[in-house]
Amino acid sequence: MKQHFALIALLVLFALAPLAAGPYLLSVLMLVLYMAYLGQAWNIMMGFAGQLSLGHSLYGGLGAYVAAALFAQFGVPGALGLVAGVAVAVAAGAAIGALGFRFGVKGVYFALLTIAFAEFTRVLFEHIPGLGGPGGLFLPVASRSGVDLLYLRGHPLMFYYLILAMTAGIFLLCRRLLDSRLGFYWLAVREDQEAAAALGINVFRAKLWAVMLSAGLTSAGGVFFAFYYNSLFPAQAFGMGRSIDIILAPIVGGLGTLFGPILGALILTPLGEVITWGTEAMGYNPAGLKQLCYGLAMLGIVKFRPDGVWPWLRRRLGWDGEGTP
Amino acid sequence: MSIDLINQVITGLLTGLVYSLLALGLSVIFGVVRVVNFAHGEMTALAMYGAWALATYLDLDPLVGMPLIAVVMFVCGYGLQRGLVDSFVSKPEHMQFILMVTLAIIMVNASLLAFGPDAHGIQVSYGFDTYEIGPLLIDKVRLLSAAAALTISLLLMGFFRLTLMGKAIRACADNLVGARVIGLDVKRLYAVTFGIGTACVGAAGALLSLLIDVMPATGPELTLLSFIIVIVGGLGSMTGALLGGMLIGVSEVLAGYFLMPSMKSMFSFAILILVLVLRPQGLLGARR
């Protein structure tokens with residue numbers, strides 16, 4: 001019960017935040033929600049089904065590029081582009097998953113396969129001149145006011161509530177998934193694939209569902225990113241750095257838990273902002289210093305809370321007994 | 001085949017031998033310690049900066065400075081394994097990944113702070129010398145680095161086959177429980193192995209600094225490159241790493257020759273995907 005209260009309180013807090021927060025704080029909160037959303041999407045594949053993907057930027061980038069290119073080149077509304085982008089990403093996820101699982105590519109090897117596909121696609125997109133190549137793809141911005149959910153154009157506040165709704169939605173979806181038959185299949189596969197197969201679970205299908213769901217949800221996040229920031233570069237959209245950003249929140253927060261990605265995002269994004277603020281306040285801010293501090297802070301978290309912060313916090317709060325989100 | 005193409009292939013083979021040494025370091029660490037070193041290229045970039053600093057400030061040829069860099073890197077690797085990585089050896093893969101990636105982020109940005117974003121290259125006096133063999137042209141720098149890389153690789157193979165410590169390390173890789181039962185100090189052997197891996201990185205970095213410029217972005221590129229080579233050749237197979245290095249070296253120049261140099265990594269990744277799917281144990285790896 002306490003957990004539900006905490007969750008509802010968090011949601012209300014986020015929903016009311018624009019009343020008090022200025023544009024800067026709002027953009028930070030938006031980043032928190034965005035990281036939590038992507039982290040949760042990745043969590044489905046790794047945390048629930050136990051399949052390590054280190055190339056998740058591929059799905060976000062595909063969704064972003066498909067929707068953005070359709071809009072920029074043909075004026076297709078963002079909401080329709082979203083459908084197309086998600087479809088492409090789900091197909092890509094299915095193809096990579098099928099390839100990997102059918103040929104028994106496991107563990108580290110599967111992770112490297114996902115990296116290889118993401119990197120391959122990055123270089124490929126850098127060589128498609130119609131999409132801007134390495135110079136990037138830019139979305140025309142008519143106005144930053146109003147609310148147009150069909151074209152995904154409008155006021156930053158619209159994007160804020162959009163990502164809040166997406167994050168709340170993925171949280172509810174994951175909650176339902178964990179209680180579903182498929183969710184139990186995933187946990188069985190994660191813990192012991194051979195045993196799961198022996199029980200009659202179609203392991204291949206269960207894993208494929210995880211990849212497709214995770215890919216589709218991640219690509220929706222990518223579409224959001226493209227239409228909010230209005231620019232896309234292959235080196236960023238498909239880069240290793242993006243993949244690492246995606247997986248940091250759930251790992252720091254607690255892998256396989258529902259709260260983990262949110263908590264991780266709530267820790268990491270403000271941490272980055274505080275470091276930026278700190279280095280600027282010192283008046284000494286050479287390139288690399290911020291990331292260096294961030295890396296050192298990450299190292300501390302990884303070293304001292306290797307299972308993630310949420311499982312530890314849950315124990316400290318004494319919330320362990322009552323069902324485990 | 002035109003002469004130009006043959007020259008290109010030879011260039012690729014020679015560069016590939018240096019890649020092989022780099023990949024050998026990764027293969028040794030993963031084969032024994034079972035930790036995937038996602039900071040491999042970043043460590044290499046640090047070694048390259050070291051070689052650059054020695055060449056610039058002390059006027060020391062990278063070929064001469066190489067043993068020094070390798071020794072320093074051995075000590076760093078040994079300490080890193082003892083102090084940090086060892087507690088992650090039995091943790092799940094994604095935790096090891098995060099640890100190594102965090103280390104990589106720290107290294108990239110530390111080098112960005114120290115050396116700035118610009119490319120650093122080393123000019124040696126014999127930099128533009130070439131050997132002419134009939135119609136073939138072979139760069140002296142490339143030939144020397146390749147010869148040094150090959151020598152070190154062979155010495156390393158000899159170490160693992162012939163010396164007692166090498167055999168002990170292989171025992172840890174083959175059967176960890178058995179190695180403990182007969183009283184091997186696994187922690188120390190792991191640290192030595194990690195040190196050997198990073199020493200390979202140091203030597204390869206010093207040699208690479210003669211062939212390519214180093215900048216902060218070089219690190220991540222070399223990490224991915226070493227992974228491709230090791231997987232293509234077969235993880236744990238040292239001859240596989242040698243073969244994989246040469247294969248990728250040649251594929252890079254061919255991609256540059258027939259298409260665009262900027263597309264060379266795409267080719268390497270395509271080879272990696274094919275190998276992972278069709279022959280996941282690698283070209284020379286034993287069936288798992």
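Mentor: Begin with the nonpolar core. In soluble globular proteins, nonpolar side chains tend to be buried together. This is a predicted model, and its largest nonpolar core holds 204 residues.

Trainee: Which residues touch the most other members of that core?

Mentor: They are A:Tyr65 and B:Val18. Helix 8 of chain B, residues 186-211, gives the most to this core, with 16 residues.

Trainee: What does A:Tyr65 touch?

Mentor: Leave out residues up to four places away in sequence. Then A:Tyr65 touches A:Phe125, A:Leu131, A:Leu137, A:Leu232 and A:Ala237.

Trainee: How far can I trust the model?

Mentor: Look at the confidence values. Where pLDDT is low, the predicted coordinates should not be read in detail. For chain B the mean pLDDT is 88. In that chain, 99% of the residues reach 70 or more. For the complex, the predictor gives an ipTM of 0.81 and a pTM of 0.86.

Trainee: Now chain A. How many helices and strands are there in chain A?

Mentor: Chain A has 14 helices and four strands. Its C-alpha trace spans about 55 × 45 × 40 Å along the principal axes.

Trainee: How do I judge the radius of gyration of chain A?

Mentor: Compare it with the value for a compact globule. With 325 residues, that value would be near 20 Å. Chain A has 20 Å, so the two agree. Of the 325 residues of chain A, 47% count as buried.

Trainee: Can you show me a pair of residues in chain A?

Mentor: Take A:Leu178 and A:Leu258. They are 80 residues apart in sequence. In space they are 9.3 Å apart, C-alpha to C-alpha. A:Leu178 lies in helix 6 of chain A, residues 156-179.

Trainee: Is A:Leu178 buried or exposed?

Mentor: Count its C-beta neighbours inside 10 Å. A:Leu178 has 20, so it counts as buried. The cut-off for buried is 20 or more.

Trainee: Let's turn to helices. How do I read one?

Mentor: Start with the general pattern. An α-helix has 3.6 residues a turn, so residues three or four places apart point the same way. Then check the length. Helix 1 of chain B, residues 3-33, has 31 residues. From its first C-alpha to its last, helix 1 reaches 45 Å, close to the 45 Å expected at 1.5 Å a residue. Helix 1 of chain B is also mostly covered, with 23 of its 31 residues buried.

Trainee: How does helix 2 of chain B do on the length check?

Mentor: Helix 2 of chain B has 18 residues, which should span 26 Å at 1.5 Å a residue. Its end C-alpha atoms are 26 Å apart, so this agrees. Of those 18 residues, 15 are buried, so helix 2 is largely enclosed by the rest of the structure.

Trainee: What happens just after helix 1 of chain B?

Mentor: Look at the backbone angle phi. B:Arg34 takes a positive phi of about 65 degrees there, although B:Arg34 is not a glycine. B:Arg34 lies in the loop between helix 1 and helix 2 (40-57) of chain B. With 16 C-beta neighbours inside 10 Å, B:Arg34 counts as partly exposed.

Trainee: And just after helix 2 of chain B, which residue takes a positive phi?

Mentor: B:Asp59 does, at about 60 degrees. B:Asp59 is found in the loop between helix 2 and helix 3 (62-83) of chain B. With 7 other C-beta atoms within 10 Å, B:Asp59 is exposed.

Technical notes:
Residues numbered from 1 in each chain as written. Chains lettered and ligands numbered in written order. Helix = DSSP H or I, 4+ residues; strand = E, 2+ residues; numbered from the N terminus. Expected span 1.5 Å × (residues − 1). Buried ≥ 20, exposed ≤ 12 C-beta atoms within 10 Å, placed from the backbone. Core = buried A, V, L, I, M, F, W, Y, C linked by C-beta atoms within 7 Å. Contact = placed C-beta atoms within 7 Å. pLDDT = per-residue confidence, 0-100. Rg over C-alpha atoms; globule rule 2.2 N^0.38 Å.
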